[in-house]
Amino acid sequence: MLFDVVIVGGGLAGLALASALRDTRLKIALVEGRAPTPVTGWDARVYAITPANAEFLQHIGVWKHLDAKRISPIYAMKIYGDGGAQLDFSAYETGVPELGWILESSLMACELWENVKRQGNLALFCPATPRAIEMTEEAAMLTLTDGQTLSAKLLVGADGRDSWVRETAGLKAISTPYDEMGFVANFDCERPHRGTARQWFRADGVLAWLPLAGNRISVVWSTPDAHAKQLLNLGEEALCSRVANAGANALGEFKLISPAAAFPLRLMRVPSTVAPRLALIGDAAHAIHPLSGHGINLGFQDARVLADLMTITPEWLDIGSERLLRRYQRARREETVLMQYTTHTLHRLFREKLPGLKPLRNVGMSLTNALPVIKNMLVRYAIGAI
């Protein structure tokens, strides 16, 4: 079976890339082990979507189909240091309608899946599992476990942090474990959050309260393994009390509305995200600390840039050529490296216990909060407005 592009992985980044190519001449195949399914109740895995990526989702025909009742805009952010410092961001002061939106992972995944199912230039292989890759000068050959072989000018690995495509192709990944877990759960709140996201740098990790639709929040607590396991073992009432108290009871009492979960955290750098007839996107290409909430934003921008390059490439040029793919890698390197460096440095800065460092980092936060021009520049870069 002959294709122009074969995408391995039907996660958010892989589905976004397929959707972004819907109006092109390209013939696409998507290989995925299982289709996404809606989560009963509220999904504890949520993402903060920047305005730039909301525009991208609108462009590929997804945003307008998302359930607006389950999307919460972010109008303000409050960040608290571990020594009394505070940093505030406001959509109004920045000159934008919203700083971003909080969306459930399953909400986006299911709508993207429905989008590609309707796509005329796409063949969906699901359930399907890849077994082998063979590269030639003319094509990338992907063999599935059922014996089918897909031939493509370009093979895209969008199969997550433990990417089979990346490993099989021999692209090196450098992982740095944080010895932390991302603890996640959703809660009903006694008081309204008014579209404000809150984040605390604490001795036991980074705690984020992200606004959900209604008087609900999603909690992401990046914390050492032992503490995460302790939180998972708490009873419902004790957990609600622990999370509310950790945020100074800013939203009153909590009620748990989704099962708590936790996943290991690590920094992952991939020095080369491309090879002849191969490109990596999303978590297969990078992993960052979740304190910025930007993981999937990087993945969506990978998909956007790669799709744009393929779209503007004349029909007589090879979309799998190393020269073209190097352009994709260069275009994505700056933002990815900057985000990895920033989140890793912030994590290290607030985790270190060196004498004198605590007041220094809090003074730095307070100074930043007192400089509107710097604050405005930071937030506009973060939301993709510059």
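A salt bridge is taken here as a side-chain nitrogen of Lys or Arg within 4 Å of a carboxyl oxygen of Asp or Glu. In this predicted model, Glu 114 and Lys 117 form such a pair, with their closest N and O atoms 3.3 Å apart. The two residues are 3 apart in helix 4 (residues 105-117), and are therefore separated by about one helical turn. Glu 114 is partly exposed, at a relative accessible area of 33%, and Lys 117 is likewise partly exposed, at 49%.

Across the whole structure, 14 salt bridges are found. One of them joins the side chains of Arg 70 and Glu 104, at an N to O distance of 2.8 Å. Arg 70 belongs to the loop between helix 2 (51-59) and strand 4 (72-74), whereas Glu 104 belongs to strand 7 (residues 100-104), so this pair ties together parts that are 34 residues apart in sequence. Glu 104 is buried, at 2% relative accessibility, while Arg 70 is partly exposed, at 21%.

A further salt bridge links Glu 335 to Arg 332, with the closest N and O atoms 2.6 Å apart. Both residues lie in helix 9, about one turn of the helix from each other. Arg 332 counts as buried, at 6% relative accessibility, and Glu 335 as partly exposed, at 24%. Through shared partners, salt bridges join Asp 302, Arg 332 and Glu 335 into one network. Beyond its neighbours within four places in sequence, Arg 332 contacts Leu 298, Gln 301, Asp 302 and Val 305.

In soluble globular proteins, nonpolar side chains tend to be buried together. The largest nonpolar core of the model comprises 50 residues, and Ile 7, Leu 17, Ile 49, Phe 300, Leu 306 and Met 310 have the most contacts inside it. Helix 8 (residues 295-312) makes the greatest contribution to this core, with 8 residues. A second, separate core of 23 residues includes Phe 3, Ala 29, Ala 128 and Ala 285.

Helix 7 (residues 236-246) has Leu 239, Cys 240, Val 243, Ala 244 and Ala 246 as buried residues. These residues lie on the same side of helix 7, because they cover an arc of only 165° around the axis. The elements against which the buried residues of helix 7 pack include strand 12 (174-189), strand 15 (216-224) and helix 6 (225-232). Val 243 has a relative accessibility of 0%. Helix 7 is followed by Ala 248, which has a positive phi near 55°.

Methods. Residues numbered from 1 in each chain as written. Predicted model: local features only at pLDDT ≥ 70, side-chain atom pairs only at ≥ 80, totals over all residues. Heavy atoms only, no water. Buried < 20%, exposed > 50% of the residue type's maximum accessible area, 1.4 Å probe, protein only. Helix = DSSP H or I, 4+ residues; strand = E, 2+ residues; numbered from the N terminus. Arc of directions from axis to C-beta. Contact = heavy atoms within 4.5 Å. Core = buried A, V, L, I, M, F, W, Y, C linked by side-chain atoms within 4.5 Å.
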